[in-house]
Amino acid sequence: MAGAPTRPRPVPAVTRPRPLTAAGLLVAAALVVATVLLAGMAAVGTGRAGDPDGAARAAPAYTPSAAGTLRGLAPPGTLIGTAVDPRGLNLDPAYPGVLAAEFNAVTAENAMKWRNLEPSPGVYAWAGGDQIVDLADRNGQAVYGHTLVWHNDVPDWVSPDWPAQRLREVLRRHVTAVVAHYRGRVWAWDVVNEVLAEDGSLRDTLWLRKLGPGYVADAFRWARQADPDARLFVNEYGTEGRTAKADALLELVRRLRADGVPVDGVGFQGHLDAERPPEGVRGNLRRFAALGVRVAVTELDVRVRLPATGEGLRRQAAVYRDVLRACLDVAACASVTVWGFTDARSWIPGYHVGFGAACLFDADFRPKPAHAALLDELAARRRTGG
C-alpha cells in the first residue's frame, strides 16, 4: 500500500462500542466497589474460582489503577479486549466490574463454539452467547465472535460417515444460523480457526477430508451473506512471528483474496511463553497488512513457570508490552485481546503442566506488572500522540 494508512476504525457503525465518558468510568469503578462490598456481606462459598467444582469465591479486592484503565487509555480506533468466561460472570463477585472498567471489547471464550451452541441437531443454546452480547451492549463494548469453523468443537451428532453433500449443508446451516443470530451485534468473526497444520499445510480435518480445501472459501462466503457488515477473520496460532507457518498463512490469505473470498482480517492468537517470546512480530503484522487486511492479536496470554517469581513476572510484562507495542505501530492492527484477564479463570495450568499465572490479574483480581506495563505503554502513546 502506498503511504502510511490511517488507523482503521475496527468496528462498523452499527456495532461500534459506545465510549465510556468520565461519568461512565466512575460508574464502572463504582460497580467494582459495590460488587466487592456486597459480596463481602454475602456468603458466596469457600471454593476458589478455577477449581474443578467451579464454586463461587470470596470477594477479592480490586480498585482501578490511579494510572487509569486499559479501555480509558486505548487510542481511538483500537480495541483492548478480553475473552469472557460465563462462569466468572456468574461466580466471581469482582469479575463483571473489572470486565466493564478495563476493556472495550469482549470475545466469547467458549459460549459461541458449535458444540456448545447446538448440542442437538437444530436445537440451539443461545443463552451463554446472548448473555455476553447483552452485557457488552450495556458496557459499551464491541463483540468479537469466536468461532464458526474449528475442527476441535464439532458436535458429536455430526457424523464423519455422512456423505459430503450432507456435511456441507450442515456446515452451511451452522455458519449461517450463528452469524444471522448475532447480525449487527458482532463486529468481527473468527470464520475459520486453526486451519493450518504445523508444517503450513491445510490441517487434516473432517472438513478437508470430506469437502476438500474449498470449505474455507465457502465458510467465508456464507458468513458474508449472513451479515455483510461483519469483519471476517482467519485465526491461527504459532504465526505471531516470522515462522514457516506464518509464511503459509500469508500465502493462504493472499490466494483466498485473489479468488475474491471475503477475508477481511487475520488473527494471531498469541498464546506465548515468557521465556520464549516470538521475534519480528511488528514486521510480521505489517506484511499481512500489506495484503489489504486488518490484523489483530486475538488470544494473548503469556505463561510463566510456576511458582511465579518476580523475574518471571517482569519477563511476562515485557512480552505483553512488546506485543501491544507491535500492534500500535501497525496502522491496520484493529485490536489486542487477552485470553481471559484473571488467573482464577485461565486455561493455561490445565493444559501446560508446570506453567500458569498467564493473565494480567492474579487469582484475587490484583493487577500484575503486565497490567501496569500495558497501561504505561498506552499512556506513553497518548502523551506522544503515537
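Visitor: What makes two rings of Phe, Tyr and Trp a pair, and how many aromatic pairs does the structure hold?
Guide: Rings of Phe, Tyr and Trp, the last taken by its six-membered ring, count as a pair if their centres lie within 6.5 Å. In this predicted model, the number of aromatic pairs is 15.

Visitor: Are the rings of Trp114 and Trp207 stacked or edge-to-face?
Guide: The ring centres of Trp114 and Trp207 are 6.0 Å apart, and their planes meet at 15 degrees. Planes under 30 degrees apart count as stacked, whereas those over 60 count as edge-to-face. The pair of Trp114 and Trp207 is therefore stacked.

Visitor: Which helices does this pair link?
Guide: The pair joins distant parts of the chain, since Trp114 and Trp207 are 93 residues apart. Both Trp114 and Trp207 are buried. Trp114 belongs to helix H5 (residues 114-117), and Trp207 to helix H8 (residues 206-211).

Visitor: Are the rings of Trp347 and Tyr351 stacked or tilted?
Guide: Here the centres of the Trp347 and Tyr351 rings are 5.1 Å apart, with planes at 50 degrees. Stacked planes are under 30 degrees apart and edge-to-face planes over 60, with the rest counted as tilted, so the pair of Trp347 and Tyr351 is tilted.

Visitor: Which residues touch the most other members of the largest nonpolar core?
Guide: The largest nonpolar core holds 103 residues. Among the contacts of Trp207, leaving aside neighbours within four places in sequence, are Trp114, Val158 and Leu167. The residues of that core touching the most other members are Val158, Trp189 and Trp207.

Visitor: Is Glu299 buried or exposed?
Guide: UniProt lists Glu299 under "active site", in an unreviewed entry, and the residue is found in strand E8 (residues 294-305). The relative accessibility of Glu299 is 5%; because the limit for the buried class is under 20%, Glu299 counts as buried.

Visitor: With which side chain does the side chain of Glu299 make a polar contact?
Guide: Beyond its neighbours within four places in sequence, Glu299 is in contact with several residues, including His146, Asn193, Asn235 and Trp339. The polar contact made by the side chain of Glu299, at 2.9 Å, is with the side chain of Asn235.

Definitions and conventions:
Residues are numbered from 1 along each chain as its sequence is written. This is a predicted model: local features need pLDDT of at least 70, side-chain atom pairs count only at pLDDT 80 or more; totals for chains, interfaces and linings use all residues. Side-chain values use heavy atoms; hydrogens and water are left out. UniProt positions are given in the numbering used here, feature names are shortened, and annotations may be inferred rather than shown by experiment. Helices (H or I, at least four residues) and strands (E, at least two) are DSSP runs, numbered from the N terminus. Buried means under 20% relative accessible area, exposed over 50%, partly exposed in between (1.4 Å probe, protein chains only). Contact means heavy atoms within 4.5 Å. A polar contact is a pair of N or O atoms within 3.5 Å; within protein, one must be able to donate a hydrogen and the other to accept it, and residues adjacent in sequence count only if both atoms are side-chain atoms. A nonpolar core is a set of buried Ala, Val, Leu, Ile, Met, Phe, Trp, Tyr and Cys residues joined through side-chain atoms within 4.5 Å.
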